[in-house]
Amino acid sequence: MTNVEMRRADGNRRGVALIALAVLSASVIWWLIALPVLGGQKAAAHARHYPHVYAHALGGTGMLFLGAAALYVGLTRRFFRWHRWIGGLYLGLGALGAGMGLALSIMSPHPLPGVGVATGVLALAWLAVAAMAWRAAHNKRFDSHREWMVRSYVLTWTFVFCRMVMQMPAAIAASPDVIVAIIWASWITPLLGCEIALQWRAGARV
Ligand code: HEM
């Protein structure tokens, strides 16, 4: 094996480990937050906007699990004949999830000043990044497609990160201003970390 092949194999192993961690954490948060919505137990709590929240949770479920599957297939090339279908379904269900997330942000059904702006901008960022991923695949620019898909999944996974942070006692007791700041930080920080990781080699010593 050449040095380049060994580096690539190492990178793939790290990528698979990260995807496994993302799926594990997503499963726990999905069980705690999304399942009660999809199972109807949260219908009364969301009363008039339940159809929107239901469609959002359904799309979000596709985003969380199909996104991880698409990245796994793209990285390892296993089951590659399904890659286009899995990726297409991820983007389609993701558009539903993020579109409903945007609608809910505008409707602000449980008003807390500033939350709608933080989640609404996240929804728009997800839609823009997904559109870039789709465009690159459509134009057969696969290096660019891979990077936009990674950014897109990082934005998807920020749902898990945000909900994990919100379970912490300090966050539960926080003031509305601090909660809004946590929501902004919980998607901008992972996106920035992802960008640094994606661009790391581009700035390396030549
Ligand atoms: C683009 C990313 C996302 C945005 C912008 C977003 C936005 C929102 C907004 C604004 C709400 C509040 C609705 C309300 O006040 O009733 C909400 C709730 C919810 N979201 Fe998301 N979301 C995103 C990702 C996800 C993902 C990936 C899932 C995974 C299943 C998800 C599942 C849920 C669930 C289950 C609720 C209701 C929670 C509850 O019952 O308290 N969201 N989301």
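Author: Helices here are DSSP runs of H or I with at least four residues, and strands are runs of E with at least two, numbered from the N terminus. On that basis the chain reads α-α-α-α-α-α-α-α along the sequence, with eight helices and zero strands. The model is predicted.

Around the ligand there are 26 residues, of which A34, G60, G101, A123 and F159 are the closest. Five helices each supply at least two residues of this shell: helix 1 (3-38), helix 3 (50-76), helix 4 (83-107), helix 5 (115-138) and helix 6 (142-166). Helix 3 gives the largest share, seven residues. By type, the shell consists of 15 nonpolar residues, ten polar ones and one charged.

The largest nonpolar core has 42 residues, and those touching the most other members are A26, Y90, W126, M149 and W157. Two or more residues of this core come from each of helix 1, helix 3, helix 4, helix 5, helix 6 and helix 8 (176-199). To this core helix 6 contributes the most, ten residues.

As for the chain as a whole, 28% of its 206 residues count as buried. Among contacts with a separation of 6 or more, 67% join residues 24 or more positions apart. The C-alpha atoms fill a box of roughly 60 × 35 × 30 Å along the principal axes.

Methods. Residues numbered from 1 in each chain as written. Predicted model: local features only at pLDDT ≥ 70, side-chain atom pairs only at ≥ 80, totals over all residues. Near = placed C-beta within 6 Å. Nonpolar A, V, L, I, M, F, W, Y, C, P; charged D, E, K, R; others polar. Core = buried A, V, L, I, M, F, W, Y, C linked by C-beta atoms within 7 Å. Buried ≥ 20, exposed ≤ 12 C-beta atoms within 10 Å, placed from the backbone. Contact = placed C-beta atoms within 7 Å.
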